Amino acid sequence: MRILITHFRAAAARFAISRSVIVPMLIGPIIGAMLAAASVAAQGATNVVTIDNFTFTPPELTVAVGTTVKWVNHDDIPHLVVNKDKAFRSKALDTDDSFSYTFATAGTFDYFCALHPHMVGKVIVK
Ligand SMILES: [Cu+2]
């Protein structure tokens, strides 16, 4: 009987050790995934160009190659986002419509609104 209890205690001790190793192994990737999701969200927030009162804000945005930029129209009239060199062109964006473009190559991308050509902006991709 004594041998049995000793054996049980040893097994319990092993279980405690293995649990202290396994739990961080399971939680680590979960926390990592949460941090990765948070950093993607933060990056997304900085890559939005808003259209308000016939103005692109920010008028000039610098991003890394591979970044997606999203334009959101907050005006109550339509606007377009058209690259001067025809790399991208949105459809007419109604209120709260958005247009996204992923910049795969470095360069300076000047753009304007096809309906209101005095509205201009620029994305610099490095
Ligand atoms: Cu416009």
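**A chat about the copper site and the core**

In this predicted model, the chain exposes about 8300 Å², and carbon and sulfur atoms supply 66% of that area.

Biologist: Happy to start with the fold: what pattern does the chain follow along the sequence?
Modeller: Let's count elements before ordering them. The chain has one helix and eight strands. Read along the sequence, they give the pattern α-β-β-β-β-β-β-β-β.

Biologist: Which residues coordinate the copper ion?
Modeller: Good one to look at on screen. The donors follow the spacing H-x33-C-x2-H along the chain. Their distances to the copper ion run from 1.9 to 2.1 Å, and the atoms are ND1 of H79, SG of C113 and ND1 of H116.

Biologist: How many residues apart in sequence are the parts that H79 and H116 tie together?
Modeller: Place each histidine in its loop. H79 sits between β4 (68–73) and β5 (82–83), while H116 sits between β7 (107–112) and β8 (120–125), so the pair ties together parts that are 37 residues apart in sequence.

Biologist: Are H79 and H116 buried or exposed?
Modeller: Here the cut-off matters: buried means under 20% relative accessible area. Of the 126 residues in the chain, 25% count as buried. Both H79 and H116 are buried.

Biologist: And the largest nonpolar core: which residues have the most contacts inside it?
Modeller: That core has 18 residues. The elements giving two or more residues to the core are β1 (48–52), β3 (60–63), β4, β7 and β8. V123, for example, touches residues including L61, W71 and F109. Those with the most contacts inside the core are F56, W71, V81 and V123.

How values were computed:
Residues are numbered from 1 along each chain as its sequence is written. This is a predicted model: local features need pLDDT of at least 70, side-chain atom pairs count only at pLDDT 80 or more; totals for chains, interfaces and linings use all residues. Side-chain values use heavy atoms; hydrogens and water are left out. Donors are N, O and S atoms within 2.8 Å of the metal (3.2 Å for Na, K and Ca); water is not among the atoms, so sites may look incomplete. Helices (H or I, at least four residues) and strands (E, at least two) are DSSP runs, numbered from the N terminus. Buried means under 20% relative accessible area, exposed over 50%, partly exposed in between (1.4 Å probe, protein chains only). Accessible areas come from the Shrake-Rupley method with a 1.4 Å probe; for residues, only the protein chains shown count as cover. A nonpolar core is a set of buried Ala, Val, Leu, Ile, Met, Phe, Trp, Tyr and Cys residues joined through side-chain atoms within 4.5 Å. Contact means heavy atoms within 4.5 Å. Lists of a residue's contacts leave out its neighbours within four places in sequence.
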